[in-house]
Amino acid sequence: MADQIPLSMTVNGRIRRGRGEPRLTLADFLREQALCTGVHLGCEHGVCGSCTVLMDGEAVRSCLLFAVQAEGADITTVEGLAPDDETLHPVQEAFRDCHGLQCGFCTPGFVVSVAAFLEANPDPSDDEIRHGIAGNLCRCTGYQGIVAATRQAADAMRGGGR
Amino acid sequence: MPAGGRLSRIGQRGGLQCRAVKPAPFEYHAPESVADVASLLAEHGDDAKPLAGGQSLVPMLAMRLTRFEHIVDLNRVGELFGVESGNGGVRIGAMTRQAAVEADAMVAERVPLLHLAAPHIGHFQIRNRGTIGGSVAHADPASEFPAVMLALDGTAEVASSSSVREVPAAEFFESTFMTAMAPDELLVALRFSSWEQPAGFAFDEIARRSGDFALAGAAVGIGADDQGRINRAAVGMLGVGPTPLRAASVEAALMGLSAAEADPAEIGRLAADDMDPIGDVHASAEYRLRAGSTLVGRVLAAALSQVQKEAGLG
């Protein structure tokens, strides 16, 4: 049982094909076959948020999806947020400016989550920001820098156009 | 190589080797109609498991707390998605995402308790995938939608290859993670009627961290006549027993009282009589009883204040 099956989806604008058993998670497909190693795996059961990606524009845990379920979907990982290699996405820029990271392990998940959160809620209150980032765990920063980065990114995305 | 020869080299690019996958192997099915799901379930019985949003099932598979030979993915069954008007209330397809329930205007207007409970489920990333039917079929006693369904006397539309039946919430939740559905049955939709009277609704829960499973929670609906006299009371509780529970003593105590004069803190304390909590690493049984009944009082207070406004008395 459980033969290898062909897999195909769009990852950061490019069609990616691969193979895997149905039990292969989307996170493992993205890391090992699409080589998007910015998808970090912390807990692998949906708690830590490090593996967050956009699937058809919505933030999801890639460890809680099987790759086969994303057949034909449009996936964006942290590698695909910025328009090109020379530019940072406003959320990435804000995390750098505000010391929103220390060791960096949780950062890709935070950046993707915050980008999605601000798309849905461009002018959040501080309380809304704290709820918005609650689905991602960081064990270094104490979150203050992440809250500040989210505020700065919100202002930049509203004002600056991206 | 970790787990023996089954794991072949699948990442050919750069000669990468795939790490061990976590769940036990299964055969994957992606049917596109309820009829096809039902025939797969009829064929494979309890060797098969429907996969909805996967926010509970996939972790359980990954930790090998459970394993199934057949996973029946419901995500391509279009007829299971969406909210529609029905019998003065709403019919919500089982695969409707929790985020879609939260954002739906008809749900907010006709079944406000669902709208109020939804933001308490996990985090927005979880609600983007998690479904209302998945929550209800999983029947976690600490889950939000089952408690709302029980409080509001919602019904489950359940289909197999040979029948369709309606199961009232009071008969649906049999024990922890156990429902009245047979292995060959699929939860198709949930039905809720709206309250055609002045009413107040409130929901809250206690959790150590935002998004954690609730230690205790309450879903309250209170209806009144034009004079503000309570003629309908629905109090659902989560996290304080083996299933979601109704606080029948609280409901009985409220009936006939004036909404303005009811003492929510005092009546809320009665809820302890209807709880059957267990102690665990997160909270002792005693804590759940005391904090839970205090919470019922607070949620009651919010619903009472709203029902007075709706009755034009606030």
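Author: Helices and strands here are DSSP runs, a helix being of type H or I with at least four residues and a strand being of type E with at least two, and they are numbered from the N terminus. The model is a predicted one, and its scores are ipTM 0.95 and pTM 0.93.

In that numbering, T150(A) falls in helix α5 of chain A, which covers residues 144-160. A residue counts as buried if 20 or more other C-beta atoms lie within 10 Å of its own; T150(A) has 29 such neighbours inside 10 Å, and is therefore buried. If residues up to four places away in sequence are left aside, T150(A) touches V114(A), I129(A) and I133(A). Q33(A), by contrast, is 117 residues away from T150(A) along the chain, and the C-alpha atoms of the two are separated by 31 Å.

Elsewhere in chain A, helix α2 (residues 90-97) has P90(A), V91(A), Q92(A), A94(A) and F95(A) as its buried residues, and just after α2(A) comes H99(A), with a positive phi of about 55°.

Chain B itself is divided into domain 1 (24-73), domain 2 (78-193) and domain 3 (199-310). The C-alpha centres of domain 2 and domain 3 of chain B lie 21 Å apart, and the contact between these two domains takes 20 residues from domain 2 and 21 residues from domain 3. From domain 2 of chain B, two or more residues each are given by α5 (112-117), α8 (144-151) and β8 (173-175), with the largest share, 6 residues, coming from α8(B). By class, the residues of domain 2 of chain B on this side divide into 13 nonpolar, 6 polar and 1 charged.

Chain B has an open sheet of 4 strands in the order β11-β12-β13-β14, with antiparallel pairing. Its edges are β11 (199-206) and β14 (245-246) of chain B, each of which has a single partner strand, so one side of each is left without a neighbour in the sheet. Strand β13 of chain B (residues 230-238) is joined to β14(B) by 2 bridges, the two strands running antiparallel, and M237(B) stands opposite L245(B) in β14(B). On this sheet packs α8(B), touching β12 (216-224), β13 and β14 of chain B, with its direction making about 155° with that of β13(B). Helix α12 of chain B (residues 285-310) also packs on the sheet, where α12(B) touches β11, β12 and β13 of chain B and makes about 155° in direction with β11(B).

As for confidence, chain B averages a pLDDT of 93, and 93% of the residues score at least 70. Over residues 1-17 of chain B, however, pLDDT stays under 50, although the model has 18 contacts beyond four places in sequence for that stretch. Where pLDDT is low, predicted coordinates should not be read in detail.

Conventions:
Residues numbered from 1 in each chain as written. Chains lettered and ligands numbered in written order. Predicted model: local features only at pLDDT ≥ 70, side-chain atom pairs only at ≥ 80, totals over all residues. Buried ≥ 20, exposed ≤ 12 C-beta atoms within 10 Å, placed from the backbone. Contact = placed C-beta atoms within 7 Å. Domains from an automatic or database assignment. Nonpolar A, V, L, I, M, F, W, Y, C, P; charged D, E, K, R; others polar. Pairing = 2+ DSSP bridges. Axes fitted to C-alpha atoms, helices over the stretch in contact; angles between N-to-C directions. pLDDT = per-residue confidence, 0-100.
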